Amino acid sequence: MAKLTVLVDNRPAQVVRIKDVVTVGRDSNNEIQIIDVKVSRRHSVIEKRKGYHIVKDLGSRNGTFLNGVQVEESELKSGDRLRVGDTEILFEEEPALDVSEESNPVDIASDSSSVVKILDHTFEIKNLADLDVTKESTPKLREALAKLTTLFEVGNLINTCRDSTSLVDAIIDMITRVVKADRCYLLLNDERTGELAPVAVRTDEEGDPAPKISNTILNQVLEKGISILSPDAFQDERFQGSESIFIHSIRSAMCVPLRCRDKIIGIIHVDTKGVFETFAEDDLKMLTAIGVSAGIALENMRLYEDLKRLFRSTVKSLVATIEANDPYTGGHSIRVAEYSKQIALTMGLPDDDVEQVELAAFLHDVGKVGIPDSILNKPGAFNNEEKNIMHAHPATGSEILMKIDGMETISRIVRYHHEHFNGKGYPDGLKGSEIPLGSRILCVADTLDAITTDRAYRSKKSIVEALMEIERCAGSQFDPEIVKILKKCVSSSAIKK
C-alpha cells in the first residue's frame with residue numbers, strides 16, 4: 001500500500017491512499033483537488049503498476065515536477081516529492097497491516113521495541129515481529145483504526161463539496177455517523193449581527209429550530225475555544241437553568257468549536273435523550289477533530305463563494321460597459337447567459353460545465369470592444385469590410401480571454417459560438433461535433449435573444465416566431481438536439497420571454 005500526503009506549509013493537510021489510480025487537478029472530481037490557477041482541471045495522475053507506482057503529467061499547462069525536475073512520466077520511490085502548481089505532495093510506501101481476528105501475526109522484521117499510540121489507546125510492542133493481532137488488544141486497535149478511517153473520510157468528503165449547502169449537509173451526516181446523537185446542530189457566527197445562527201439541524205422533533213444552550217457553555221466554547229462534554233446534563237451545574245434540558249429530556253450533551261486557524265466561526269452541539277445513552281471522552285475527541293476539519297472547510301467555502309460572487313459581479317460590470325455603447329443590446333449577454341444556463345441544466349450537464357457555459361455566455365461579445373459604434377449600430381446591411389470586422393469579434397474575444405489563467409475552456413467556447421452545424425459559420429468553419437458543445441448551446445441562446453429583442457435593422461419577434469425560425473435552421477446553423485432542448489425549456493417555462 002502507498003499513500004500521498006498533500007503538504008501545506010510542509011504540514012500534512014490531506015492523505016490519500018493509492019488503490020489503483022489517483023488524479024490530481026483543479027476540478028472537484030479529482031481525488032486530490034488543488035484550487036490554484038496554475039493547476040489544470042486534470043493535471044496529473046499517480047498510477048499503481050505491477051510492483052511499482054508512476055506519476056504521469058496529463059498535458060498540463062504548467063507541468064508536474066518530481067523532486068524539483070519537470071517530468072512527463074516517471075517511476076516513484078518512497079519519499080519522493082511531487083509539485084503541482086504551488087502544492088507539494090509526498091509519496092510514501094506503507095507496510096501492509098492486517099487486523100482481522102483470524103489473521104496470522106503481522107510479519108515485520110524488527111528487533112527493536114516500539115510503542116504505538118492511536119488516539120488514547122497505547123500498545124507497547126516488545127518486538128514488532130511478534131505483533132499478534134489475535135491478542136486482547138485487538139478490539140481496541142480495530143476500534144481506533146476505524147476512528148482514524150472515519151476522520152480521513154470526513155476530510156475527504158467535506159473537501160469534495162461544491163457549495164455551502166452540500167458542505168453543511170455532509171458535515172451533519174458525518175457527525176451523526178460518528179456519534180450516536182438524538183439531536184445535532186451546526187451553528188455559525190453571523191458576520192452581520194455577530195450572533196450564532198443555526199445552519200443545519202438533524203432531529204426527529206418538529207418545531208425545534210435551535211438548541212437553547214446554557215450561556216455559560218456558549219461563552220466557554222466561543223471565547224476559550226474549548227470542547228465541553230456533559231455525561232449527565234441533569235446533574236451538570238453548567239446546564240442549570242437551561243429549559244431545553246428538561247423540555248427535551250436531554251441526558252448527555254457535547255459542544256465543540258468550529259475552528260479555522262485562530263478563529264472560532266461557530267459550534268457543533270449534540271445531545272442524547274435516552275436514559276443510558278451518554279457520551280464519553282472518545283466521542284468528544286472525535287467531535288472536536290471534526291470541528292477542526294469542518295471549520296476550515298466552511299471558512300474556505302465562504303471565501304471561495306465570496307470570490308465567485310466578486311468575479312461574477314466584475315464580469316457583469318465589464319459586459320454592461322461594453323453593451324452601453326449599443327442601446328439595442330443592453331442586457332443581451334445577461335439574458336443569453338440565463339438561456340445558456342437553462343439549456344445546459346436541462347441537458348443534465350455537470351455543474352462545472354454549466355458554470356463554464358454560463359460564464360462564456362456572459363463574455364461571448366467581449367471581442368466587440370474594439371468595433372466602432374458606427375458599425376455596431378448600423379441600421380442597414382454591412383458591406384464586405386464591415387462584415388469582416390464583425391466576424392472577427394469571436395476570435396478577438398477568445399484571444400482576450402486566453403490571456404487570463406484558467407479561462408482556456410471559456411476562451412474556446414467564445415471563439416466558436418458563431419460556427420454553424422453545417423460548417424458554414426466563422427471564424428474556422430468547424431462543423432457538427434467539431435464545434436464545442438458549449439459553443440453550440442451558446443449559438444442557439446444568442447440567436448434566441450437576437451430575434452426576440454429590437455435591433456437597429458429590425459423589430460423584435462415573439463418567442464413563438466423565434467422558435468419557428470430556429471427550428472427551420474436546425475441541422476444547418478444549429479445542432480438539432482440543442483434545438484429540441486430549447487423547445488423543452490420554453491414549454492416548461494425554464495426560459496421565459
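All views show a predicted model.

View 1. The side chains of arginine 49 and glutamate 73 meet here, with N and O 3.8 Å apart. Arginine 49 has 30% relative accessibility, so it counts as partly exposed. Glutamate 73, at 44%, is partly exposed too.

**View 2. Helix 7 is mostly covered.** This helix spans residues 351–362 and reaches 17 Å from its first C-alpha to its last. Nine of its 12 residues are buried, among them Val354, Leu359 and Phe362. Its buried residues pack against helix 5, helix 6, helix 11 and helix 12.

**View 3. Helix 5 packs on helix 7.** Their axes lie 10 Å apart, at an angle of about 30°. The two helices are therefore roughly parallel. Helix 5 brings residues including Phe311, Arg312 and Val315, while helix 7 brings Glu355, Glu358, Leu359 and Phe362. The contact has five nonpolar and five charged residues, but no polar ones.

View 4. Arginine 472 meets glutamate 469 at 2.6 Å, N to O. Arginine 472 is exposed at 59% relative accessibility, whereas glutamate 469 is partly exposed at 31%. Glutamate 471 forms a salt bridge with lysine 487, with the closest N and O atoms 2.9 Å apart.

How values were computed: Residues numbered from 1 in each chain as written. Predicted model: local features only at pLDDT ≥ 70, side-chain atom pairs only at ≥ 80, totals over all residues. Heavy atoms only, no water. Helix = DSSP H or I, 4+ residues; strand = E, 2+ residues; numbered from the N terminus. Expected span 1.5 Å × (residues − 1). Buried < 20%, exposed > 50% of the residue type's maximum accessible area, 1.4 Å probe, protein only. Contact = heavy atoms within 4.5 Å. Axes fitted to C-alpha atoms, helices over the stretch in contact; angles between N-to-C directions. Parallel < 35°, antiparallel > 145°, perpendicular 65-115°, else oblique. Nonpolar A, V, L, I, M, F, W, Y, C, P; charged D, E, K, R; others polar. Salt bridge = Lys/Arg side-chain N within 4 Å of Asp/Glu carboxyl O.
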